[in-house]
Amino acid sequence: QVQLVESGGGLVQPGGSLRLSCAASGSISSIYVMGWSRQAPGKQRELVASIINGGSTNSADSVKGRFTISRDNAKNTGYLQMNSLKPEDTAVYYCNVEALTHSGIYGNYWGQGTQVTVSS
């Protein structure tokens, strides 16, 4: 199994920055994709950014130029650097990974979420 623990959320003023972390642990053979999604109250969960094993990234138009996704393969940890935050970025942010376990199971695993609130 794979466990994900997110950290780094909190309350920040508009224009501020936060850095989210997602630490993966368990019987991990390889992580192919790491991603961050968010869900605001009353809205559907949306993909914010993702990064594949080779380092290529993808991000939503709403965060381009403000958010940067990265990963440390040696630590099985992913990061989401969020700059120039806006009130509309307020949401619960979820980390997910597509990973292969040592027992040969390929799956999509999700963290418990971390709250990000952007407000003055």
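Guide: The discussion goes from the whole chain to single residues. Please keep in mind throughout that this is a predicted model.

Visitor: How many helices and strands does the chain have?

Guide: One begins with the secondary structure. The chain has 11 strands and zero helices.

Visitor: What does the radius of gyration say about the chain?

Guide: The value is set against a rule for globules. Here the radius of gyration is 14 Å, close to the 14 Å that the globule rule gives for 120 residues, so the chain is as compact as a globular protein of that length. The C-alpha trace spans about 50 × 25 × 25 Å along its principal axes.

Visitor: What share of the residues is buried, and what is the accessible surface of the chain?

Guide: Of the 120 residues, 44% count as buried. The accessible surface comes to about 6,100 Å², and carbon and sulfur atoms account for 48% of that area.

Visitor: Which residues have the most contacts inside the largest nonpolar core?

Guide: They are Trp-36, Leu-80, Met-82 and Tyr-93, in a core of 30 residues. Among the elements that give two or more residues to this core are β1 (2-7), β4 (28-39), β5 and β11 (114-118). The element that gives the most is β9, with five residues.

Visitor: How many of the contacts join residues at least 24 apart in sequence?

Guide: Contacts between residues at least 6 apart in sequence are taken as the basis, and 55% of them join residues at least 24 apart.

Visitor: Is Val-118 buried or exposed?

Guide: The cut-off for buried is under 20% relative accessible area. Val-118 has 4% relative accessibility and therefore counts as buried. Not counting residues up to four places away in sequence, Val-118 touches Val-12, Gln-13, Pro-14, Leu-85, Lys-86, Pro-87, Asp-89 and Thr-90.

Visitor: Where is Ile-52 placed, and what is it in contact with?

Guide: Ile-52 belongs to strand β5, which covers residues 46-52. With a relative accessible area of 39%, Ile-52 is partly exposed. Leaving aside neighbours within four places in sequence, Ile-52 is in contact with Tyr-32, Val-33 and Arg-71. Of these, Val-33 is 19 residues away along the chain, and its C-alpha atom is 4.4 Å from that of Ile-52.

Visitor: Which loop holds Asn-76, and what is the phi of this residue?

Guide: Asn-76 lies in the loop between β7 and β8. Its phi is near 50°, a positive value in a residue other than glycine. At 24% relative accessibility, Asn-76 counts as partly exposed.

Visitor: What may be said of Ser-84?

Guide: Ser-84 is not a glycine, yet has a positive phi of about 50°. Its place is the loop between β8 and β9. Ser-84 has 40% relative accessibility and so counts as partly exposed.

Terms used
Residues are numbered from 1 along each chain as its sequence is written. This is a predicted model: local features need pLDDT of at least 70, side-chain atom pairs count only at pLDDT 80 or more; totals for chains, interfaces and linings use all residues. Side-chain values use heavy atoms; hydrogens and water are left out. Helices (H or I, at least four residues) and strands (E, at least two) are DSSP runs, numbered from the N terminus. The radius of gyration is taken over C-alpha atoms; the globule rule is 2.2 Å times the number of residues to the power 0.38. Buried means under 20% relative accessible area, exposed over 50%, partly exposed in between (1.4 Å probe, protein chains only). Contact means heavy atoms within 4.5 Å. Accessible areas come from the Shrake-Rupley method with a 1.4 Å probe; for residues, only the protein chains shown count as cover. A nonpolar core is a set of buried Ala, Val, Leu, Ile, Met, Phe, Trp, Tyr and Cys residues joined through side-chain atoms within 4.5 Å.
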